[in-house]
Structure formats: structure tokens, C-alpha cells
Amino acid sequence: MPTQQDATDSASSDSSDSTGIVGYRYDSSDQYHQYVNEIKAMHDKYHAMPAAQINEYVKALSDAQSAIDTWLRTLDHMLEATSYGDARRSMNRDAATTYYNAKLTDLHQLEYDFKINRAYRISIETNTTATGSYFEIVFSQDESHHAPSPQQLDTIEQQIAAFQGQPGQDGTYMQSGEQMLSIAGLHADYDFQGIGNYCPSMTTDQYTFAAYCEKKTDTVFVNTGHEAYPYVVRSPQYLDELRHEIAHYLVYSRCDTVVPPLHVEIEGMTNSYAVMYLGANRDTLNSTGASFPAYAMNEQTDQAAASAHAGTCVVD
């Protein structure tokens, strides 16, 4: 099997190897070497990374250690594949540059997907063409979530922040809540236990008033069995509780995850997002933080919310 070190033929168009094939050799291009070097650097970085640091990226997963193990094995296989080289040739000087620029983009997206717990799929192939053999890392990702554009999300946020709900004829804010959810393209599901059909690991206890599950992207689950529900649903607080869940959806839409690794409590950051961009009352949502510290807002959660809003969803 040829190695990288074997791939030393000149890239000039009138050069040829022992087969007599003429053209620019792919693994002589600068972009090829950048690609291989970045794979090696990524491999070495994560294998040397302290457990506590790499766990920050996957701690929200129920199978966090399995995700880490799979990621490290993937990097091992990718590094091993680079030894195969790329002996293809082309008369087009830019062919290898274009190909490996696209592969570099895929590599960066792959790392980002690991960091945000987004599902990714990798296959590693070795192929032979008329002009030479080469390795290829084929990357694909979960495209099931089609988020609105950042500009559309901005408009949604502005409309929700301006929304003034009123109690209905039954004295509750249920109808107003449904109207507000519809601005974001969401609807309410009052079968709270049903969330387990989509996100089995999510808590459906008596303490959770409402929840958002990224596997059911268009739905907010409302717990009508919560002990405070009969009172909260008759108060404007009900709309702020829903704003918190809408904030989960908006963070997901901007970051492709509801738990971006921003080194703060996710629920606190989501509360900050609801206050800063959706018009929620800070005191109302902070009252939850008194009993559940993970929901407390502070300067750090505000900064994290601003980062997520800007699409900066990973902090190393």
C-alpha cells in the first residue's frame, strides 16, 4: 500500500509516473497536505484532551462515554486512512485544490457536529480510478431539522417580544399561549407524558411545568398536571413559561442543539434568552431559579444567550 511519503511526484502537467499517466497529482497540492495535517492535529488534540474537558461536549447525552469512545475511534480510522495518499492526477491544476477545500469544510463541520452533539455519519473508502488510488472520508449529517434563516428567527423573536396576550373567556391564557407559539411555528401538546415517545430521557415529573424536545421540533409539551398549573395558566406568567420553551426552540434553530457547550447552565441560559430576545419578565423567570438553581440567570448566562443568538454556539 502506498504511503504519504511515497507520494512525491512532481505536480507539473507534463510529469508522469511509472504508468505513464500525465497530470497534476492530488497529493502534491497544498490543500491536500493541509487536510491531512488537520486530521492529525484533530486526532492528537482529542486523544490528549483531559476527560473533564471532552466530557463538556457530551455531558447532556445519556450515553456520554459511548459518544466519546465513538468519536476517538472515528479519529483513529481517519488518521489511518491518510496513509493511503491520493495518487489521482488531473490536467486541471485546480482540481485537487477545489476537492480538498471542500473536504476541509466537511472536516470542520464534523468537529462542530461532535461538539454540539449533532448526529453525524462517517464512511472511509479507498478507491481506484484510471489515474490512481486514493482515500476518501465521506461525511453526512442529520438534515431532519430545517430551521428558519437567522433573519426569519430575528423577526419571530421581535414578534414574540411584542406579543401582548390576554386571558380568554375561560379566564386562562391558554389561547394566548397557543397564538404566541404559532408565531414561531410551534404548537402545544397537553399530553405531557407523550414527550417520552420522542425524548425518553427527559424528566416528566411533577416539577416540570413545560418542556421542549428537539426530536419533536414543532411542539412544546405542557404539563397540565403540574400542581401550579391551575394558577399559572390564569396569569401572564404562563406566557413567560412558554417563552422559555420557545427560547429552547430558537437556540436549537440557531445552534443545531438545545445544549450548546457554552460552559453555563443551559436552563439559566435559556431563561436569559427568553428575557433578552422574547420579552419575558426577568423577575418572573428568576423566581424559578430560587428553587432550582440551574434556572438562575446571571451575567454569564446572559453572555451565553447573546453568543447563541449570534450563532456562536461552541466555546472551547
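In what order do the 3 strands of the open sheet lie? In this predicted model, the order runs 5-7-6, and the pairing is mixed. Strand 5 (187-189) and strand 6 (210-212) sit at the edges with a single partner strand each, so one side of each has no neighbour in the sheet. Ignoring direction, neighbouring strands of the sheet are turned by 30° against each other on average.

Zooming in on one pair, strand 6 and strand 7 (residues 219-222) run antiparallel to each other and are joined over 3 bridges. Within that pair, Ala210 faces Val222 of strand 7. Helix 8 (residues 237-255) packs on the sheet here, where it touches strand 6 and strand 7. The direction of helix 8 makes about 15° with that of strand 6.

Helix 8 turns up again in the second largest pocket, where it gives the largest share of the lining, 3 residues. This pocket holds about 170 Å³ of space. Its lining is made up of 13 residues, and those nearest the centre are Phe163, Gln164, Pro236, Leu239 and Arg243. By type, the lining of this pocket splits into 6 nonpolar, 5 polar and 2 charged residues.

The largest cavity comes in at about 60 Å³. Around this cavity sit Tyr35, Met78, Lys103, Asp106, Leu107, Leu110, Ile122, Ile137 and Phe139. Helix 4 (95-115) and strand 4 each put at least two residues into that lining, with helix 4 providing the largest share, 4 residues. The make-up of the cavity lining is 7 nonpolar and 2 charged residues, with no polar ones.

Strand 4 (residues 132-141), one of the elements that line the largest cavity, has the lowest mean pLDDT among the elements of the protein, at 83. At the other end of the scale is helix 9 (residues 266-278), which has the highest mean, 97. Residues 1-14 are another matter, as pLDDT stays under 50 over that stretch. The model does have 28 contacts beyond four places in sequence for residues 1-14.

Methods:
Residues numbered from 1 in each chain as written. Predicted model: local features only at pLDDT ≥ 70, side-chain atom pairs only at ≥ 80, totals over all residues. Heavy atoms only, no water. Pairing = 2+ DSSP bridges. Axes fitted to C-alpha atoms, helices over the stretch in contact; angles between N-to-C directions. Contact = heavy atoms within 4.5 Å. pLDDT = per-residue confidence, 0-100. 1 Å grid on protein atoms, 1.4 Å probe; cavity = no way out; pocket = protein on both sides within 12 Å on 5 of 7 lines; lining within 4 Å. Points joined across faces, edges and corners; volume = space filled by probe spheres on them. Nonpolar A, V, L, I, M, F, W, Y, C, P; charged D, E, K, R; others polar.
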